[in-house]
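Good morning. Please have the display open.

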There are 2 protein chains.
Amino acid sequence: MSLLKGQSLIGQHWIDGTRQEIRAINPATGVMLDPPYKGCGEEDVERASELANSAFDSYRETSLEARATFLETIASEIEALGDVLIDRAMAESGLPRARLEGERGRTCGQLRLFASVVRSGEWLDVRIDPSLPDRQPLPRADLRQRHIAVGPVAVFGASNFPLAFSVAGGDTASALAAGCPVIVKAHSAHPGTSELVGQAVQNAVSQCQLPEGVFSLLFGSGREVGQALVANPAIQAVGFTGSRAGGMALLATAQSRAQPIPVYAEMSSINPVFVLPGALSARARVLGEGFVASLNMGAGQFCTNPGLVIAVKGSGLDAFIEAAGAAVSESCAQTMLTPGIHQAYENGISQLSDNAQEVARGKPGKEGYQCQTVLYTTPAIDFLRSKALQEEVFGAASLIIECNDEHEMQQVAKRLEGQLTATLQVDEEDMEVARTLLPVLEQKVGRILVNGWPTGVEVCHAMVHGGPFPATSDTRTTSVGSAAIHRFLRPVCYQDMPMALLPDALKDGNPLKIARLVDGKREHDNDNA
Amino acid sequence: MSLLKGQSLIGQHWIDGTRQEIRAINPATGVMLDPPYKGCGEEDVERASELANSAFDSYRETSLEARATFLETIASEIEALGDVLIDRAMAESGLPRARLEGERGRTCGQLRLFASVVRSGEWLDVRIDPSLPDRQPLPRADLRQRHIAVGPVAVFGASNFPLAFSVAGGDTASALAAGCPVIVKAHSAHPGTSELVGQAVQNAVSQCQLPEGVFSLLFGSGREVGQALVANPAIQAVGFTGSRAGGMALLATAQSRAQPIPVYAEMSSINPVFVLPGALSARARVLGEGFVASLNMGAGQFCTNPGLVIAVKGSGLDAFIEAAGAAVSESCAQTMLTPGIHQAYENGISQLSDNAQEVARGKPGKEGYQCQTVLYTTPAIDFLRSKALQEEVFGAASLIIECNDEHEMQQVAKRLEGQLTATLQVDEEDMEVARTLLPVLEQKVGRILVNGWPTGVEVCHAMVHGGPFPATSDTRTTSVGSAAIHRFLRPVCYQDMPMALLPDALKDGNPLKIARLVDGKREHDNDNA
């Protein structure tokens with residue numbers, strides 16, 4: 001791996017950290033990987049933040065075309081890394097090649113989607129209320145609104161998607177699209193993967209002749225770098241995907257700043273699946289098997305992993321449990337992302353074993369840090385009484401809640417914490433029950449699926465990967481899909497500003513040819529104001 | 001004032017509080033006004049919150065037409081109160097009749113604007129990505145997004161706009177438009193005005209046959225009721241206009257809940273006015289007089305009051321100061337809203353007098369709680385060194401910062417805290433200086449005005465009444481204008497949901513005839529999906 005420097009990246013400069021060393025571990029073998037990455041300190045955070053701040057004014061006013069091209073160049077540079085990237089990501093994450101190749105495709109597709117979003121200019125949310133000089137009793141001024149970037153953004157890479165939710169993942173892509181410089185705190189589980197992607201972004205910055213402060217990449221163990229980043233006055237928003245404890249710590253820091261800033265932390269979710277009676281009686285076995293396939297995806301290390309199944313007791317549920325149990329028993333052990341995640345999983349299932357009844361357990365692991373799929377059941381009454389049973393166990397463990405009737409199912413729904421997703425398995429005859437559950441679920445989750453499984457998050461315009469607390473720290477947004485750009489924008493209004501001073505997006509004649517709301521009516525791409 | 005009950009309103013029921021009494025004081029005379037209002041306690045907050053929660057599911061799914069009609073009915077009911085409302089508001093606020101009649105017009109116009117916003121359905125931000133069953137390597141599911149109301153909202157009435165930022169003001173109108181039940185904590189400065197407007201909303205709820213929990217109005221002195229409201233688990237967002245200390249206290253409570261919620265607090269702003277050299281040399285006297293007219297509006301008790309003037313030293317600025325000073329000396333004393341606000345103003349100008357040089361002082365007050373206009377100057381170097389000189393003094397006091405050159409003017413701009421507005425007074429020759437200031441100001445404020453004055457906030461689509469902290473607690477939004485509705489909404493995505501379960505906004509055929517984004521392209525009102 002001679003391509004790797006083991007250094008952090010501040011603008012266009014690779015630097016050595018001065019703090020404790022980070023080393024990736026191959027979770028499949030337990031072997032430590034070279035090179036070591038010395039952790040950054042507050043002084044590095046300060047330099048990267050200053051550089052980001054000095055790049056901000058120029059970067060946020062790049063043309064739509066220039067910014068879109070930059071995002072596309074990052075995608076091409078990532079692809080140009082070829083197998084080196086995939087091999088390193090496999091070694092650092094234990095994830096299989098096909099999965100990582102798919103994730104690379106998703107990551108690059110996401111960058112290109114945001115390029116198209118930038119070009120369309122809808123995100124500027126341009127509103128023009130022309131002056132009404134003769135209005136009585138008072139004239140109206142000329143008022144024009146656009147959205148601008150909030151400022152430099154700190155992004156925290158996630159362990160479970162070393163490409164798609166990491167250095168050039170959704171948070172970075174949407175922040176760059178909005179016009180925000182980005183400083184990434186790399187996840188310590190995959191430093192080499194992070195460095196390679198960091199190189200790709202660095203190359204794109206240079207090729208596109210952007211100010212170097214547009215992107216930096218810092219390594220650091222423990223919380224020093226992350227906390228210093230979020231506390232730095234230059235940073236204006238935070239994107240994070242990880243544990244509830246980690247997200248809450250960053251949120252506390254962000255809120256205690258002299259100037260509080262928004263934190264978009266995606267934290268925890270157990271993604272309830274409601275299997276309704278009609279669906280159970282029509283296809284219990286198929287559902288049981290489909291459920292376990294979803295549960296096992298990526299060793300259960302998906303934010304949208306189905307960690308909870310809710311159904312009414314009876315022969316249908318018995319058949320579901322039997323089929324799911326059989327599928328679990330057949331499940332091969334899978335390598336988890338890190339020794340720490342593996343240990344947390346072991347602790348989590350040990351606690352579930354104390355509080356619920358085990359239905360089946362997958363094949364034991366042979367070596368490294370492998371996750372054994374486990375399925376539990378518990379009566380609804382116990383679930384309703386226990387907060388512990390709602391805690392996310394990150395990995396392929398799930399709990400079936402057996403309800404006495406549909407009323408109890410409704411009670412379980414009402415008791416749920418905020419979630420990324422909820423799933424309904426329904427048949428024709430379940431429509432009435434589904435209709436009573438929907439208003440409850442709409443208040444609990446960001447995405448409701450019918451007759452599917454929650455794993456798999458499409459990158460598109462309508463996606464919501466978000467949801468009420470504690471699924472995320474900010475329920476008003478999504479971290480996946482084109483709407484994610486809005487997290488890093490704020491509105492500015494210009495009153496009676498001479499045409500020569502107005503930004504192009506707001507000028508008469510609509511020089512950018514973007515959709516605008518004129519006097520409350522939508523004007524289309526080719527009209528003139 | 002026999003129409004007034006002196007009671008709080010929980011749903012359709014008037015109730016007596018059990019806590020300390022509130023009495024309005026006529027600030028023009030110092031006379032206490034009947035009736036007394038007994039303060040509510042936590043038990044009342046609990047009842048109102050439960051009622052709001054139970055109304056939420058039905059209210060948030062009212063048809064666009066039903067909800068718009070409700071907003072219009074509130075406006076009509078407020079108008080139907082006639083002079084009783086204006087007379088009481090005059091007695092409680094010391095504000096003149098014409099101003100309050102204008103404010104009533106604005107309040108009712110605002111409710112009607114939100115009715116039209118609701119009908120248009122743009123706020124639903126509907127996005128549809130149709131399924132792609134044949135896509136390789138994986139098919140795409142059918143994904144549809146709409147925005148839904150966040151839940152019951154707590155609104156805190158402001159002292160300075162007893163109608164437009166109070167019981168049925170912008171926060172309430174936009175929250176109701178979004179589909180959120182509202183619980184208002186009335187401002188203790190104008191309880192009778194609040195009760196009358198509360199009656200109007202109550203009548204509208206009843207006429208429109210909405211669940212009673214859609215609206216409640218609580219009185220309470222001190223912070224007990226407000227803090228209990230923000231802490232109540234049913235409350236999902238907070239709208240507030242008032243002091244920085246008050247807003248920060250609510251923010252702290254909201255953040256320390258088991259489930260943190262957004263707080264939209266509009267807190268403090270000194271609204272800098274940059275008078276550029278060309279403008280000064282062309283029309284210093286006119287500008288000085290115009291500035292003082294803006295400063296004196298509403299006894300200086302506007303959120304957008306021009307509390308800071310920044311200009312480069314010279315004969316132009318001397319002429320400006322001379323004209324402004326003369327206008328200040330001629331300024332009549334004006335009655336302030338409350339004894340407390342008057343006292344805070346006296347303290348504020350006493351502190352300014354210690355730290356800056358007085359230019360002129362208006363005519364002294366004769367009786368009651370009157371505000372004497374005061375104008376100060378200070379060298380930029382002192383302003384740059386002093387945090388105290390940036391503190392808002394609520395009332396008709398303003399400070400002129402004398403800069404040595406345009407570079408120092410730029411430094412002052414960079415040192416500013418977040419503001420609602422910034423104003424540029426420019427002439428043709430000032431364009432280059434303006435261009436260097438604009439990027440700084442865009443990061444500091446929500447609205448930039450050219451050759452106008454910041455007082456006067458148009459209720460329209462392009463308005464931004466918001467800005468970086470500490471102007472507001474959430475820079476991503478506005479509290480005035482149609483975009484204010486977005487504060488109370490969050491996205492929900494529906495995946496592969498049968499047509500029978502989908503909300504109308506997302507159904508094939510676009511039954512609501514609203515604008516939708518289909519596969520990333522904007523579909524217009526009359527098209528079909």
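**Loops and interface**

I start in a loop: Pro470(A) sits between S22 and S23 of chain A, where helices (H or I, at least four residues) and strands (E, at least two) are DSSP runs numbered from the N terminus. The peptide bond joining Phe469(A) and Pro470(A) is cis, with omega about 5 degrees.

Before going on, the conventions. This is a predicted model, in which local features need pLDDT of at least 70 and side-chain atom pairs count only at pLDDT 80 or more, while totals for chains, interfaces and linings use all residues. Residues are numbered from 1 along each chain as its sequence is written, chains are lettered from A and ligands numbered from 1 in the order in which they are written, and side-chain values use heavy atoms, with hydrogens and water left out.

A cis bond also runs from Asp34(A) to Pro35(A), with omega near -10 degrees. Pro35(A) is in the loop between strand S5 (31–32) and strand S6 (37–38) of chain A.

Now the interface. Contact, meaning heavy atoms within 4.5 Å, involves 67 residues of chain A and 67 residues of chain B. The two chains bury about 5,900 Å² between them, 54% of it on carbon and sulfur atoms; that is the accessible area (1.4 Å probe) lost on putting the two parts together, summed over both.

Between the chains there are 10 salt bridges, each a side-chain nitrogen of Lys or Arg within 4 Å of a carboxyl oxygen of Asp or Glu. One of them pairs Arg60(A) with Glu442(B), and their closest N and O atoms are 2.9 Å apart. Several elements of chain A each supply at least two residues to the side touching chain B, among them helix H1 (42–60) and helix H14 (431–442). S23(A) gives the most, with 7 residues.

DSSP must find at least two bridges for strands to pair. Leu449(A) stands opposite Gln495(B) in S23(B).
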